Amino acid sequence: MIEYEYCNTGNTDADEEIELPNQTLNDVYFFSMRRWRSAGQAAWQGSNGQAWGKFNMIDVVGDGHMDYPVDFTAFYVWQGYDPSVTQYNNLGSPLWIDQSQDWGVAPGDSVGRLSGATFIGRATLHVDSSPTDETYVRCTPETVATCQPAVIGWMDQDEPLAGTGESHQNYYELGILTRENPNRLPYARMFPHYADRVEPSGKFWEPTKDASTGHGPAAQGGFAPFEAIGPYDLAFGECIYHAVVEGVSGLSYDASVQVGRAYKRSGGDDARPINYDANGDGQIDEKPFDYNLIGLPAYQGNGCTACPERGSERLTKNQWVMTARDSLFQTFFRARDLYAASNRMSRYPIPEAPLAPIRFNVNGLPDAIELTWEPHPAGGPPIDHWEIYRSSGFHDNLLDPDGNGIYQLQDSPWASTPDKKVLVTGYQCIAGCPGTPELPASATSFEDRTANRGTNYFYYIIAVGQPQPDDPRAITGTPGGVPLTSSRYLTQTYLPVNLKRPPYGVGPGATGTVADARVVPNPVNLGSDTGVRFAEEDRVAFFNLPPECTIKIFTEVGELVHTIEHTDGSGDEFWNLTTAARQLLVSGIYIAVIEDHNPPPGGPARAFLKFTVIR
């Protein structure tokens, strides 16, 4: 939520001196424009120009021109059709080509995931009618001449009004009154809406025209929505209060992966229905697609995108993309209800989530991965229990345990693919969830003994609160009474951790001394297949180490390039081939000197290992 207060301060510049202490401002408008674009990963996938807002599709609801199935005023944007993309339809920005080196997408994330199945928008919560009247007049066909915002429109992002230095008169004549208001009415909400000008049929899931042609020829800069509230007469010291909500919502990550993958496997068949169990009830609800049902103000406790009351779970890829509007509208509905219950945001009545731990440590041991955490000292809302989630080999949440670009699949009877399989996405719960070890609120540690040796793992922990009262509006409780949780991103780990070997060598031929130490792989050929090196290119491992030792790496002429203090009691230590000066090792021969801090009686105190790096 964003709150504005516009006041006549009498100050015309940046200093504290009041230049105009007694002047009344007449017919004042407050004008703003939103230069939006699609998600960063989607901005360059297919639609060259979406990065600066080209191909924006802009739509409006609740502006007074007609009756709408919502009771708020909002404008919103999604990434529209680019006819220059011919390999597939670009709605939703399917990731078909691995461009991770250039466009910020994780390596190999090219299974078709819909990286742009999102909507971004802005809804009005309140606008004062005047400095002395706090009444908010919402836009309906009956109030169209007096409601706020007084102006809603859009303009080419490359025109002068979209820049800086334009005169107030130009903003008034060309923006507030708009070019499409020949009668110069005190209100101007451009109509038909931009999206309807591009696709008059309203079938935005069957696009036929370049989304940048809402005003005729294609606009290289695309279009941006704007609004203005007013006009007001403001005496010295008087103010206008204005509250809005801005949000971004869309398909879930899992839906984006499963729908996008099925679309890619179909060869880009825009007419092929794709099954996805959006509400997780174990069946595919089939019903004719009705775009008008999307976003109806009827709360669904589980927040599903395509419940039976709203539509189908068997839709084309583009229809699935357009259902993302429902998620954005749900954000607006809940923000509106929160605002209504907050007395102009003077209080925050909704329930709060428990606090995340202030520390979360993950450490690989020889027989387990140890996780410890420190609860927040402020206490916060009571915690019912903890939950720990784990992943291995994920590329942007797609499971690739071997690091070879082949993602893990699981069976699904509702899959639209011939093999009836879907990609594994997300993290798996390993503790605190049904069927896993319990983690009561008093717990501060957990040992993961199900990890496999040689696999990298990543974790996060969340605090789960007490069950809530059932409130579909999410004000006095939560939809379905589900408990709130702390954010995973406050504790999510990004450095890999793995099981480590016991110290020294074991088995036939082992001496139980530092002489057992080995460096793997050797040679380190960074151009070789991952079958003979680690998936992470710049990585070597020292195995069979003493529990505490110092590893010094020298060039073949005796220059020290790095020192590692190994103190965790295991037999493993990994190194990223980076010097103490943060430079990558060049090709050459290197010598590792390993000094045991506590050598066994009669055993050697040092070992010398020679290894080769080939780039």
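Which residue stands opposite Ile462 in β21? Keep that in mind as we walk through this predicted model; the reply comes at the last stop.

**Stop one: strand β6**

Select residues 151-156, which make up strand β6. This strand is mostly covered, with 5 of its 6 residues buried, meaning that each of those has under 20% relative accessible area.

To find one point of contact, pick Ile152: its bridge partner in β7 is Arg189.

Next, bring in residues 223-234, strand β8. Here the pairing with β6 is antiparallel and spans 6 bridges. Click on Asp156 and then on Phe223 in β8, its bridge partner. In general, strands of a sheet pair through backbone hydrogen bonds, either parallel or antiparallel, so a backbone view is handy here.

**Stop two: an open sheet**

Move on to the open sheet of 3 strands, ordered β19-β14-β21, where the pairing is antiparallel. Select 428-431 for β19 and 458-465 for β21: these stand at the edges. Each has a single partner strand, so one side of each is left without a neighbour in the sheet. Going from one strand to the next, the twist averages 40°.

**Last stop: β14 and β21**

Finally, select residues 383-391, strand β14. β14 and β21 run antiparallel and are joined by 8 bridges. Zoom in on Ile462 in β21, and you have the reply to the opening question: Glu387 stands opposite.

Note on methods:
Residues are numbered from 1 along each chain as its sequence is written. This is a predicted model: local features need pLDDT of at least 70, side-chain atom pairs count only at pLDDT 80 or more; totals for chains, interfaces and linings use all residues. Side-chain values use heavy atoms; hydrogens and water are left out. Buried means under 20% relative accessible area, exposed over 50%, partly exposed in between (1.4 Å probe, protein chains only). Helices (H or I, at least four residues) and strands (E, at least two) are DSSP runs, numbered from the N terminus. Two strands pair if DSSP finds at least two bridges between them. Axes are lines fitted to C-alpha atoms, for helices over the stretch in contact, and angles run from 0 to 180 degrees between N-to-C directions.
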